[in-house]
Amino acid sequence: MDTPENGDGGVRDVTGQLVDHALGHLFSAALRTAALCRVADHLAAGPRTAEQLAGPTDTHAGHLRRVLRYLATRGVFREDAAGSFHLTPLADALRTDVPDSLHAAVVMLTDPAFQRTSAGLEETVRKAGPSFERVFGKPFFAYLAGDPALRELFDSGMSSLSGPVDAVIAGTYPFPEKGTVVDVGGGRGGLIRAVLRGRPGLTGVLFDQAPAVSTHVLAGDEEIRGRWRAESGDFFTGVPEGGDIYVLKHVLHDWPDADCVRILRNCRAAMAPDTRLLIVDCVLPSGNEPHIGKTLDVAMAAIVDGQERTEDEFAALLVGAGLRLTRILPTEAFPSIVEAVTAA
């Protein structure tokens, strides 16, 4: 029998590794605790001990130290020899007062609704359907429509999650100097804002359901004043016409193949022969290396019956909608840009 070894040739602690993996839910809970207690905000002025943090965060110093020590093992905060905790790049992103803060995204992703959904993953695997629907009695987006608080949490979290990605997408893809960009399912408009800021000759259309569009971030931005409009609607029914570029950012991964083809066909119907379509999603690599897309893929299966896809799977979806994949542009962020045009 082979002895499992680590990269240095030593015997690997299989029990310890599996126990650590099995308790992974505790890391999510610890991250949520730090976010809700605004620990990162209180470290913005400099390192502090758990005792110094306890009062401002309304926590028990001893238990807070244990949680922060645990988070520090994975790069969220750093404890020095004197017992003071420091911000790290990961912890700094938890601050609520920094550009592209991920605080709202972490609070959303660790919400009890998603924790309960993850706990039901076995049912998803056995019965090939989202555990969210079994736990809450409705499909995810239908449930959001009837729960304004969860809808607000979701929209805020997705806006936070998208923030650091929007500028990367706007800077990676060679958007034209003139024309109209239509962001289909664009949420609160962060990507449209980033694209228009970088191209003064472009105009933009933000298209999404009314709850998201009603809280968009475009108004009041002088850099893009007069160059955008927000329109509410359902991309399963149709999308605005007249665009030179259509964007689907973090949309298709929410849906199974048949629904994706419906969305893509509606985009295709609105596109002129020289129009381009951009899909911004993870493109799954082969092999066993870790990739955030492989994590999100399981989350999509449990929450919405969606999935992340490989290049071949994207190509097949596009063909089914009368479109053709032309290239894939990797980015410095986790999603890639899949470009497509109308099929000949």
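I took two strands to pair if DSSP finds at least two bridges between them, and I took helices (H or I, at least four residues) and strands (E, at least two) as DSSP runs, numbered from the N terminus.

I note that this is a predicted model, in which local features need pLDDT of at least 70 and side-chain atom pairs count only at pLDDT 80 or more, while totals for chains, interfaces and linings use all residues. Residues are numbered from 1 along each chain as its sequence is written, and side-chain values use heavy atoms, with hydrogens and water left out.

**Entry 1: overall form.** I counted 17 helices and 10 strands in the protein. The radius of gyration, taken over C-alpha atoms, is 22 Å, close to the 20 Å of the globule rule (2.2 Å times the number of residues to the power 0.38) for 344 residues, so the protein is as compact as a globular protein of that length. The C-alpha trace spans about 65 × 60 × 45 Å along its principal axes. Of the 344 residues, 46% count as buried, where buried means under 20% relative accessible area, exposed over 50% and partly exposed in between (1.4 Å probe, protein chains only).

**Entry 2: strand β10.** I looked up the partners of β10 and found that strand β9 (residues 323-329) pairs with β10 in the antiparallel sense over 6 bridges, and that a hairpin of 6 residues joins β9 to β10. Strand β8 (residues 276-281) also runs antiparallel to β10, joined to it by 6 bridges. In β10 (residues 336-342), 7 of the 7 residues are buried, so the strand is largely enclosed by the rest of the structure.

**Entry 3: glutamate 339.** Which residues stand opposite glutamate 339 in β10? I found leucine 278 opposite glutamate 339, and arginine 327 opposite glutamate 339 as well. Glutamate 339 also forms a salt bridge with arginine 276, with the closest N and O atoms 4.0 Å apart; I used the criterion of a side-chain nitrogen of Lys or Arg within 4 Å of a carboxyl oxygen of Asp or Glu. Arginine 276 lies in strand β8 and glutamate 339 in strand β10, so the pair ties together parts that are 63 residues apart in sequence. Glutamate 339 counts as buried at 6% relative accessibility, whereas arginine 276 counts as partly exposed at 23%.

**Entry 4: other salt bridges.** The structure holds 20 salt bridges. In one of them, the side chains of arginine 188 and glutamate 152 meet at 3.0 Å, N to O. Arginine 188 lies in the loop between β4 (179-184) and α13 (190-198) and glutamate 152 in helix α12 (residues 148-172), so this pair ties together parts that are 36 residues apart in sequence. I read arginine 188 as buried at 15% relative accessibility and glutamate 152 as partly exposed at 39%.

Entry 5: I traced an open sheet of 3 strands in the order β1-β3-β2, with antiparallel pairing. Its edge strands are β1 (48-49) and β2 (78-79), each of which pairs on one side only. Between β2 and strand β3 (residues 84-86) there are 2 bridges, and glutamate 79 stands opposite phenylalanine 85 in β3.
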